[in-house]
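Please look over the sequence and the model shown here, and then follow the paragraphs below from one region to the next.

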Amino acid sequence: MINHYNAFISYKHAPEDNRVAEAVHKGLEWFHIPKKIRKKTGINRINRIFRDKDELPITSDLSDSIANALAESDYLIVICSTNTKESAWVPREIEYFLRNHSKRDIFTVLVNGEPYDVIPDILKYEDSVVKDEAGVEHSVRIPIEPLSCDYRMPLGKAKKTELPRLASGILGCAYDELMNRRRQHRIKQITAVFAIILAVLVGFSGYMYYSRDKIHKNYLESLKNQSKYLANESENLLEKERRITALQLALEALPKNEDDDRPVTAEAVRALTNATLAYEGDNGNNINAAWNYPMPGVISYFQLSDDGSKIAIIDELNVIGVWNTEDHNRILYIEDLESNIVGTGFLNNDLFILWNTNTIYCYSMTNGEKVWEYKVEEDTLISKNNLMVNGDYAYFGTYSGSFLKISTASGELQSSTPMHFDPDHEDFSLVESKLSPDGKKIAFRGIDGWNNYSFGVIDLTTKKVEISDYSEEMYHNIKWVDDDSFMITLTPTDMSGSMSFGTMEVFSTDHSKISRIKASDFSEIWSADFVCNGIMIESGFEKLGADKIAYFSGNVVTVYDLDTGVEIYSSNVNNSVLSVTDKDGDGNPLYITEDGGYATPALSFDSDAVYHNTYFTDELRQVEISKGVYVRQLYSHEIIYYGVHVYDEEWTKLCEDNAITGTVSEYCMDENYLAILTVDGLSPYLEVFGLGENALHLTNELSDDKSFNYKLVGIYKDTVYLGYDGVDCYELITLNIKENRMESKEFFKMTGSFEESLLLENGKFYYLYRTEDFESRFAVYDIETGDQKDYELPEDIGFINCTPAIYEEDNTVCVVGREDMFVLDLEDGNIKKAEVPEVWYDVSCFSENSADGVYAVSDSKKILLTDKDGNLKNTINCPGVKPLGMRFIHGDLLVIYNDGGLYWYSPQTGEFVKKAEASAYYNYFGNAYFDTDEENGLIYITMDELVDVVDMESGVEITRILDCLGHHKGRDIFITKTNPDDQGSRIGYYRRYSVEELIKKANDILKGAELSDDMKSRYGIGQ
């Protein structure tokens, strides 16, 4: 049985249409495919064409055979004539075909009439989403022109010229190529007679090869551009905390396998690195978006089971989905409910219920199967605020004011308790009800008429109902605090409070009365005036430990003594509060706000002070906390789950004893060791870690408590060198690593020396000092031989204001004085004054190396390109920000500025080449250092404990690694510190990930979750 077709022919069963359909059918099945096309496409014949010869009745549905044929056909051929608009089946067949295909897979054949009149409207346009200058998305309709073949001519002529158009589309080759191959076939039959034709053919083939090569290059370029686009969209989604879709798009931006022509772009690698949280260490908190739960429509609300193991989500399309939050597998999905969902809830974590106005449905959370169903007779169920669970029973409030007690196991009605009101409350409608902790009473609130509000209590044992007097102000936020009392809020309804109208917000000082009510007689145990001045999105009470209770509304959280109502403290977080929680019951609350803020009281500062940080996305409308934080945004189709301790777990300790003492002050490393100067309080320590097979960790406390007087100079041949700025001399401290032995000696007198100049390069110390006669000297000290060579500096050099630059490749040193700059030749001792502009500020940065005898120096305003003779070659104006580091790489001068700008300049002309963006500390004024990885085409830029990884070819920053003590070339690792608990920082490393390893990391996170068809269509994937 054939279950796959090359094409499906759709047409109106009219005489002229039948004739063309039959001609197309036979023509394609007998179409001769040239040998090279067969070899290229793998298709030997087009012999699987579906054409239904029978006219279907207008009232029937698509038959199974036709539906299957449409689904299993590669292409759809629509015969278009003036009869097509009269067909009931052609549009249906097109719509059915588009469920699994794109409009690019549909061809049209013109029988008569003009194309615009006879081609179905659905094939004349395509919907697309574009962004305007403000970044707002709009849906636009783009005119398209389907591949059309013109059969408005004799069938013989159409067979020669138009039929190959259809064949080329089905075969997936160019029309011109197909026609040329057919011509070549004929030509080859007479090559023996017409040699000149063969020569022409060879030349033409060369041209075709050139054309194909150019087409292939254009194809690769289009793939590259698509990859960049998908990577950019991935990062936009990640910024909006849609991490799962961001991961999926990042994977789509990279090649799937070795046969995939898609190139690997730096943008795609960056997107995947960011979405996988690669290189992000454990800082003891690490709140990050870990998963997204999607729905087809805008989400109305969601809820978690009591133990946080399940999440139920309802959208505005009346679709409901339930997931297991531990493995993210979907348990239940219902999209064909006959009436709107009124409420949902979890029963003892193992069962889930949903109900409409008259029926309750219960489902197992083990397999998603329906367990029971209960139908309400002559009454109406109301919202989720009226579901109360107590052990094996659930109470449901109804519109008439009754409470139904139903068995959670069987769904059987156990009892119905009506609320019998006096004549003054006969029109009372229930809005919210809460069960007391002991399960014996229900507190409720509601409305009578338009603006009469009241609350009450029903005793489930005696059936006695007590209800309060009417109020024109609204009661809400019922919260039981013990078995005998509850909290409730009374809020004005005169529209004078803070409110929002679309994008406009109105703020005022809003007052609410909150009260603790005694359930037996409605007497006030205490009441308080609550004041806020922000938009109320959510409000409610939260018990804090055993003796405090918090109330939140608008932008304020106020905490009261539970027994007396005395205000303990109040927090204004300057944004609408959505949630207040005290999950651990220690009495210390945390607040989550509409803008994604995470706040806690800072009572050590003041009674109204708060700590505030932004962990979550903005425009939040609902927050639930349980084993992480779940949030719903305004108009969102997804619930975002933020996990705690979500980081890159592939971090490895350098050794078992990897904890360091205090904080990192300085660090350096060579091939074998990492040395760290740490500070605990004011006490300095020198710590050394082995980076090879010897996993050692040495800790030596330094004798002086002035940690800022020490400078970590470097490591050379198993020895760490440390400088100390003493009272009258500069000391050199050495640590023999293998013997763990420290020694100290006077290095030079402190007579106006510039001690920060001490540098260690390849076994030599370079430093500046002054003699007792205040003569400036530059010295080179060889560690191996103990020899020192001094160079006399000019008398007018003045105060030396920065560390000299050593250029070993040219054997020169650049020294800058108060007003002038000098170049010292270490070979012959000659020193030359360099050319500088008339307006010249203090030097802030030297290039790390030279290029063809030219080096760069900057005063933050300009960059001078100077040769070793001091001649000024070119000047580059800085873009209004300070350079942090400069290096010549592959013939260009690469400069990073303190705003993160990464600039390439030509050292020959000083002209700007290109710009990229890297990461930098805000307002950072330290130094940045470059290192290159030629094998992997990467540049590493280090600023203190920040390392940027930049693609050498494109200049794109692939990632930035925080708390990083550098990249170790020999092991190809990034050494980082983490702080997973209160026991101090620990030292370890991440391997540098290859693209393949990042892809595996992404797939491990996704656990098989695939990009939805909707998202594939939106981003043009697989089309």
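## Sheets, a helix and some single residues

The strands β47-β48-β49-β50, in that order, form an open sheet of four strands with antiparallel pairing, where strands are DSSP runs of E with at least two residues, helices are runs of H or I with at least four residues, and both are numbered from the N terminus. Two strands pair if DSSP finds at least two bridges between them. At the edges of this sheet lie β47 (710–715) and β50 (741–749), each of which pairs on one side only. Neighbouring strands here are turned by 25° against each other on average, direction ignored; for such angles, axes are lines fitted to C-alpha atoms, for helices over the stretch in contact, and the angles run from 0 to 180 degrees between N-to-C directions. Strand β49 (residues 729–736) pairs with β50 in the antiparallel sense over eight bridges, and C729 has K749 in β50 as its bridge partner.

The model is a predicted one, in which local features need pLDDT of at least 70 and side-chain atom pairs count only at pLDDT 80 or more, while totals for chains, interfaces and linings use all residues. Residues are numbered from 1 along each chain as its sequence is written, and side-chain values use heavy atoms, with hydrogens and water left out.

Another open sheet of four strands has the order β21-β22-β23-β24, with antiparallel pairing. Its edge strands, β21 (428–435) and β24 (465–467), each pair on one side only. Within this sheet, strand β22 (residues 441–448) and strand β23 (residues 452–459) pair in the antiparallel sense over eight bridges, and the bridge partner of A443 is V457 in β23.

Turning to the helices, how many of the ten residues of helix α10 (residues 243–252) are buried? Ten of the ten are buried, so α10 is largely enclosed by the rest of the structure; buried means under 20% relative accessible area, exposed over 50%, and partly exposed in between, with a 1.4 Å probe and protein chains only. Helix α12 (residues 995–1006) packs with α10 at an angle of about 140°, their axes being 10 Å apart. In this packing, R243, I244, L247, Q248 and L251 of α10 meet I999, A1002, N1003, I1005 and L1006 of α12, where contact means heavy atoms within 4.5 Å.

The cysteines can be considered next. A disulfide is taken as a pair of cysteine sulfur atoms within 2.5 Å, and by this rule the count comes to zero disulfides. For C80, the closest cysteine sulfur, in C149, is 11 Å away, which is too far for a bond. C655 is likewise in no disulfide, the nearest cysteine sulfur being that of C668, 17 Å away. C80 is buried, with a relative accessible area of 0%, and C655 is buried, with a relative accessible area of 8%.

A last stop is K124, which lies in the loop between α5 (115–118) and β5 (125–131). Is K124 buried or exposed? With a relative accessible area of 16%, K124 is buried. Leaving aside its neighbours within four places in sequence, K124 is in contact with Y116, I119, I142, P143 and I144. K124 and P146 are 22 residues apart in sequence, and their C-alpha atoms are 7.3 Å apart in space.
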